[in-house]
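Here are my notes on the model you sent over.

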Amino acid sequence: VTLDGVERDLTDDDLVITDGQEPIALAGVMGGLSTEIDNNTTTVLIESAMFNSSHIRRTARRLALRSESSLRNERGLNIATIDEAGAYAAQLMEDWAGGQAVKGRARVSHLDVKDKEVTTNLDYITSLLGMEISFEEVKESFKRLGFPVEGDANEFTVSVPTRRWDISIPADLVEEVARIYGYDKIPSRISPVQPVKIGLNDWQKFERQSHRTMEALGFDQVISYSLTSEKKLDVLQAQAHEAVALDFPMSDERRYMRTNLLTSLLDIAQYNLARKVKDVQ
């Protein structure tokens, strides 16, 4: 039972915090009602942690439970300040609630808080940007971000601090250079394309000729809905097919994926005839 008083059915994929026997919180999403702080609470255990963002996202989505905690965990956290955040929470309880922090802490797992190193070169950056830019300008962009750079234009390594968990590959570095250097400085131009006449293959020739022939005979090409109603599923079925149903259809008339084209063509014919359009082919 979460803090909002709702009983949640959990699966093996949900991550929980327990007291050793029973779950007391839905990790990274919401605390449990049994451990809720009230006016009689005198002892508080502070947990400062991070969880796999995709794991939290799946649980929050399945339970339709969006919270401040789940939103933050889904977007990622700075692992270098997790301990600092827990200590700061304890300090606030001392300063504003008359609490007394107990010395020491228990650590369940260890996180590597070293800066991430990403290696690339100037040619790669200029090729993705589509413009020439000097190595000094690239270094200046990273300097403004607070990212140390080692190496030269042929190969250099950028140390990415943990607060930028969204940067992990060379393409991410290119995006940061473009953002800091200025998108407005990237020239706008259409890449030259050399036209090549390769002609049509056999199928394309047949398709084009058949279109022209059908049009000459007075036929119209139609594009119909791929969705239909339940009552039309079994109409004129050559063989049985299991239709795919939509979870959130626009209407009951568009709830199932059609299993044949003929019913759609009949719908179009009916639509036209009802509007006095009799020349329908």
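In what order do the three strands of the open sheet come? Point 1 takes that up, and please keep in mind throughout that this is a predicted model.

1. **The open sheet.** The strand order is β1-β2-β3, and the pairing is antiparallel. β1 (16–18) and β3 (30–31) are the edge strands, each of them pairing on one side only. If you zoom in on β2 (residues 23–26), you'll find two bridges joining this strand to β3. For a landmark there, take L26, whose bridge partner in β3 is M30.

2. **α1 against α2.** Helix α1 (residues 53–62) packs on helix α2 (residues 68–75) at an angle of about 145 degrees, and their axes are 7 Å apart. The crossing is left-handed. On the α1 side, S53, I56, R57 and A60 make the contact, while α2 brings in S70, N73 and E74. Sort those residues by class and you get two nonpolar, three polar and two charged.

3. **α4 against α6.** Now the other helix pair: the angle between α4 and α6 is about 65 degrees, with 10 Å between the axes. This crossing is right-handed. α4 contributes Y124, I125, L128 and L129, and they meet P170, A171, V174, V177 and A178 of α6. By class, the contact of α4 with α6 has nine nonpolar residues, no polar and no charged ones.

4. **The two sides of α5.** Which residues of helix α5 (residues 135–145) are buried? They are F135, V138, S141, F142 and L145. These residues sit on the same side of α5 because they cover an arc of only 120 degrees around the axis. The general rule behind such a pattern is that an α-helix has 3.6 residues a turn, so residues three or four places apart point the same way. Turn to the other side of α5 and you'll see E136, K143 and R144, which are exposed.

5. **What lies over α5.** Just past the end of α5, have a look at the backbone of G146, which takes a positive phi of about 80 degrees.

6. **Strands around β6.** β6 pairs with strand β4 (residues 116–120) in the antiparallel sense, over five bridges. T120 is a handy place to check this pairing, as its bridge partner in β6 is F156. β6 also runs antiparallel to β5, with four bridges joining them. There, E150 has T157 of β6 as its bridge partner. The link from β5 to β6 is a hairpin through two residues.

7. **M257.** Last one: this residue lies in strand β8 (residues 256–257). M257 is partly exposed, its relative accessible area being 34%. Which residues does M257 contact, leaving aside its neighbours within four places in sequence? They are S226, L227, L233, A243, V244 and L246. For a sense of where M257 is relative to P148, the two are 109 residues apart along the chain, and their C-alpha atoms are separated by 55 Å.

Definitions and conventions:
Residues are numbered from 1 along each chain as its sequence is written. This is a predicted model: local features need pLDDT of at least 70, side-chain atom pairs count only at pLDDT 80 or more; totals for chains, interfaces and linings use all residues. Side-chain values use heavy atoms; hydrogens and water are left out. Buried means under 20% relative accessible area, exposed over 50%, partly exposed in between (1.4 Å probe, protein chains only). The arc is that of the directions from the helix axis to the C-beta atoms. Two strands pair if DSSP finds at least two bridges between them. Axes are lines fitted to C-alpha atoms, for helices over the stretch in contact, and angles run from 0 to 180 degrees between N-to-C directions. A crossing is left-handed if the near helix is turned anticlockwise from the far one by less than a right angle, and right-handed if clockwise. Contact means heavy atoms within 4.5 Å. Ala, Val, Leu, Ile, Met, Phe, Trp, Tyr, Cys and Pro count as nonpolar, Asp, Glu, Lys and Arg as charged, and the others, Gly among them, as polar.
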